Amino acid sequence: MRRTTTTGMMALMVALVLVGLSGAGLLAYQAGQAPPTPAGQGAGQEPQDQFVPVKSLPQQEQLPAVPLLLTAYGFVWAVLLVYVWSIWRRLMKVEREMQDLSSRVAAAATRR
Amino acid sequence: MNKGYSLFVLLAVVLFAFAPVLVAETPNEATMGLVQKIFYYHVPSAMVMFMAALICGLASAAYLFRTRPGADRIAAAAAELTVVFGLIVLVTGPLWARKAWGVWWQWDARLTSTLLMWMIFVAYLLVRRFGGPGAEKLSAAMAVFGMANVPFVYISVNIWRTVHPTTAVIPKLPGGMRGPFWFCVLSFTVLFGLLLALRTRLEQRRADLEHLYLLADEE
């Protein structure tokens, strides 16, 4: 009886996996196979594999990029500073705890 | 703190503080413009993330197969650094993509595999923190799988069709961009070494404290 129930459960699980896979396949087919075309790249164009430096920047390019650039650099600095502070804080906490424990152990030893 | 360690800290601070000055001097890129300068922090962060994941995986393997507690401490430190630098990669990338591609995120091979790798290391930290007894071994096994992802993430841009720039961008960097880029790589690597040493020391001190508690209980 138990064996039949286990086999039934396994069959149900296999069926569910198959239904899930075919559903995912259908969705993928509906979504189409073409990769998304990013802004500034035409359809069928190869991904960029080389950067080309220029001396001057078009005027319309300058303003929108600045907040993104500053956010990126600010984020990196903020994350790293917070992380260094967090390591330092955790290290200090452990050191304090070690000192407390050492003094407690020493006090207990002198009482004995 | 010993003298060598202080010098290491000073070097990391000087390199890291000077990097933005150098980046400001670099020429702008022809198609992407100013926003391409995110590249100087984004790519070194990704390199350091790969480095941290590899160290974590190798140290975890050493802990699993040779049972070396010191290796486990290095692995725990490297896993946390993988998450920190991975977070930087996953935030600075979309900030660049918003301008370069017109969208914050694309579910393409490089971005998705990076996110998955990052999530494996987040899971490592969660298992280690809340997994209870034996969590170290379980998380070490996860780290080995996390490390196995590194080559796939790296070559994903060359194998699959993706909107992300390929790995050929770095060797082909023109003169004005190459110097500042490798300077940033150096400063991120030095900083990574410093953070890894600090974080491993924290794990070491925690182990010392645990040992002290055990001694106190015995007495």
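User: Is helix 2 of chain B mostly covered or exposed, and how many of its residues are buried?

Analyst: A residue is buried if 20 or more other C-beta atoms, placed from the backbone, lie within 10 Å of its own. In this predicted model, local features need pLDDT of at least 70, side-chain atom pairs count only at pLDDT 80 or more, and totals for chains, interfaces and linings use all residues. Helix 2 of chain B is mostly covered, with 20 of its 28 residues buried. Residues are numbered from 1 along each chain as its sequence is written, and chains are lettered from A in the order in which they are written.

User: What span does helix 2 of chain B reach from its first C-alpha to its last?

Analyst: The expected span is 1.5 Å times one less than the number of residues. Helix 2 (residues 39–66) of chain B reaches 39 Å, close to the 40 Å expected. Just after this helix, B:T67 has a positive phi of about 50 degrees.

User: At what angle do the axes of helix 3 and helix 5 of chain B cross?

Analyst: Two packed helices are described by the angle and the distance between their axes. The axes of helix 3 (residues 69–100) and helix 5 (residues 135–159) of chain B come within 11 Å and cross at roughly 60 degrees. Helix 3 of chain B is therefore oblique to helix 5 of chain B.

User: Which residues make the contact of these helices?

Analyst: Two residues are in contact if their C-beta atoms, placed from the backbone, lie within 7 Å. B:D72, B:A75 and B:A79 of helix 3 of chain B meet B:E136, B:A140 and B:A143 of helix 5 of chain B.

Notes
Helix = DSSP H or I, 4+ residues; strand = E, 2+ residues; numbered from the N terminus. Buried ≥ 20, exposed ≤ 12 C-beta atoms within 10 Å, placed from the backbone. Axes fitted to C-alpha atoms, helices over the stretch in contact; angles between N-to-C directions. Parallel < 35°, antiparallel > 145°, perpendicular 65-115°, else oblique.
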